[in-house]
Structure formats: C-alpha cells, structure tokens
Amino acid sequence: MTGSKFRAGLIQTRAARSPAANVEAVAKLIGEAKEAGAEYVQTPEMTNIMEVGREKLFSAIVAEESDASLATFRELARKLSIYLHIGSLAIRVTPDKAANRAFLIDPHGEIVARYDKIHMFDVDLTGGESYRESRSYRPGELAVLHDLPWGRLGITICYDLRFPALYRALAEAGASFLAIPSAFTKQTGEAHWHVLNRARAIENGCYVLAAAQGGKHENGRETFGHSLVVDPWGRVVAEGGTEPGVIMAEIDPAEVAAARAKVPSLEHGRRFEMIEPLAEPTHLRAVRGPA
C-alpha cells in the first residue's frame, strides 16, 4: 500500500576487476538483506566492476542484453521477491563508449526503470588523483522516476549529488525517495559526502538512500564508503563504515509529508530572471557624462 513503512537494505561493497567475483559477493549480501527483512535493496555505483583503465574496462564489459551480471540480478530479485536497485553497471553501448547505467528490477525480475548517469566525473584532485569519466562513458540525458509501492523514487548516481537542480526537479515531480548509489573517492567523501547527502534530503523533504563502495580496491582506487540513509529532516538514520556489509533502515513515508508540512519549500519555489552586472559602474558613467 502506498505510504506504508518498508525496510530498505543498502549493500556496501568493494568491487574488484572481475565482474563474476563482484556479482558473487554482492548476491550474498543481497540475500543477507532479504533475511533482515528488506523489501527494497540498493547496490552501489559500479556494482559489476571497478576499473579506470580504458582497455581493461572494455575487455570486461558487454552490451546490456549479453550482461550475465544483470541476468543474475534479475533472477535474484524474482527469487527473493524484492525490488532490487542495481546502483549501476558498466554497460557497453558503442564500440568505444559505455553507459554508467542503473537498473531497477521488480519482484518479478522485470527491469522497470533504467537511468544513465547524467553528470560525468572529470576532475583533478590534490595528490595527483585524476578522473576522466567522459573518456569511457556516454552521459545520460534523461532524469528518471519510478513508482514503488511506498512512493515515488528518483534515480541518480554518485557525481549527480553535486547538482541540486536535478534533485529539485525529481522532488517537484513527486519523488519521496532519492537514490544516490555511489563510489565517492576517499578524498572528496571525507570533505563532502555527509553534508551533500543531508542537504539533498533537507532541501527536498525526501529520504536519501545512498549505497556506497568503500575501501582500497584492486585497481588502487580508494573509495569512502559510509553508505547512508538520511530522513527528510536531514537526520542520518543508518550509516555504514568502510567494510563491505548490509545497512538496514526502516523507511516511513509519513516522515516526508511531516517534513514538507514544517518547511513547505517545494511550494514556495519561484522562477526568476537574472540581472547581470553593467559593463561599467553607473557612477563612473555619470562622472564622464555623455559621449
């Protein structure tokens, strides 16, 4: 019944370079989440592989219709009778480009929503840490929502977190829950992970569900972990550490209505125009007089 409470399970992993090994590890944790009562289970970004090397990435990934990990997850969702949200898989879409694609699978094993990550992580961090996601991945162009039995879910991925207009649009379109599966770097996570997730929850009066990769990966990358469930008032109600595991939380959609009743900012938003600065300060023009 829409609006009823439900239990969510976030899967925290440390993906390696082998999709088969990653799927085996994740499937075990999904089973544990189901045993703990989860009706909705979310995995992190890059559930099937953690690889920044372009040649190694493309030697390991395939098109969606040929992806064995997706087939395994579909069967698992059906077997366990859960909504299984695969935070993202690396999916080959052209000979030289992949999609960072999320899949929402229903309890019958059917894919009911897909979302391709819109914002590409192209950054240079201190200490020589550098990423160029756009070299290998094609950005998405569509925001995606889907109705769960308990309310509407807005689907996003990792770096999207830094673009609040996307979450505002999802909330204005009726989202009560914002999914932000991620593989945040340790460096950026320590500085920004908690405050950004809490901000997205507060400013939109939504639950945030953010499964994360955590720890030192086989390819040398280090991710922050700390999978989070944040309620619509901005309170962290469940959090992981850096080790693989399952983070459980009870989600009460009534909290969404309560937060929005206290601070109805979604109703108060207004469109506006921008007045740009004049090319020359007005007081200088007055001193100079007419040309």
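Reader: Where does Ser 136 lie in this model?

Author: The model is a predicted one. Ser 136 is in helix 4, residues 133-136.

Reader: Why is Ser 136 called buried?

Author: Its relative accessible area is 5%. Buried means under 20%. Ser 136 therefore counts as buried.

Reader: What makes the link between the side chains of Ser 136 and Arg 54 a polar contact?

Author: The distance is 3.4 Å. The cut-off asks for N or O atoms within 3.5 Å, so the pair qualifies.

Reader: Which residues does Ser 136 touch, not counting residues up to four places away in sequence?

Author: Arg 54, Leu 57, Phe 58, Asp 96, Lys 97 and Ala 98.

Reader: Why is Ala 71 called partly exposed?

Author: Ala 71 has a relative accessible area of 46%. Buried is under 20% and exposed is over 50%. The value falls in between, so Ala 71 is partly exposed. Ala 71 sits in helix 3, residues 68-80.

Reader: What is Pro 181 in contact with, leaving aside its neighbours within four places in sequence?

Author: The list includes Gln 42, Thr 43, Pro 44 and Glu 45. His 85, Gly 87, Cys 158 and Leu 209 are also among them.

Reader: What makes a set of residues a nonpolar core?

Author: The members are buried nonpolar residues, such as Leu, Ile and Phe, joined through side-chain atoms within 4.5 Å. The largest core here has 46 residues. Tyr 40, Leu 153 and Ile 155 are among those with the most contacts inside it. Another core, of 21 residues, lies apart from the largest one and includes Val 23, Leu 29, Leu 70 and Ile 86.

Reader: Which residues lie nearest the centre of the largest pocket?

Author: Val 52, Phe 121, Tyr 131, Glu 133 and Arg 221 do, out of 26 lining residues. Strand 7 (130-132) and helix 4 each give two or more residues to that lining. The space in the pocket is about 420 Å³.

Reader: How do the residues of that lining divide?

Author: There are 12 nonpolar, 6 polar and 8 charged.

Conventions
Residues are numbered from 1 along each chain as its sequence is written. This is a predicted model: local features need pLDDT of at least 70, side-chain atom pairs count only at pLDDT 80 or more; totals for chains, interfaces and linings use all residues. Side-chain values use heavy atoms; hydrogens and water are left out. Helices (H or I, at least four residues) and strands (E, at least two) are DSSP runs, numbered from the N terminus. Buried means under 20% relative accessible area, exposed over 50%, partly exposed in between (1.4 Å probe, protein chains only). A polar contact is a pair of N or O atoms within 3.5 Å; within protein, one must be able to donate a hydrogen and the other to accept it, and residues adjacent in sequence count only if both atoms are side-chain atoms. Contact means heavy atoms within 4.5 Å. On a 1 Å grid over the protein atoms alone, a cavity is a set of points where a 1.4 Å probe fits but cannot get out, and a pocket is an open set with protein on both sides within 12 Å along at least five of seven lines; lining residues have an atom within 4 Å of a point. Grid points are joined across faces, edges and corners, and a volume is the space filled by probe spheres set on the points. Ala, Val, Leu, Ile, Met, Phe, Trp, Tyr, Cys and Pro count as nonpolar, Asp, Glu, Lys and Arg as charged, and the others, Gly among them, as polar.
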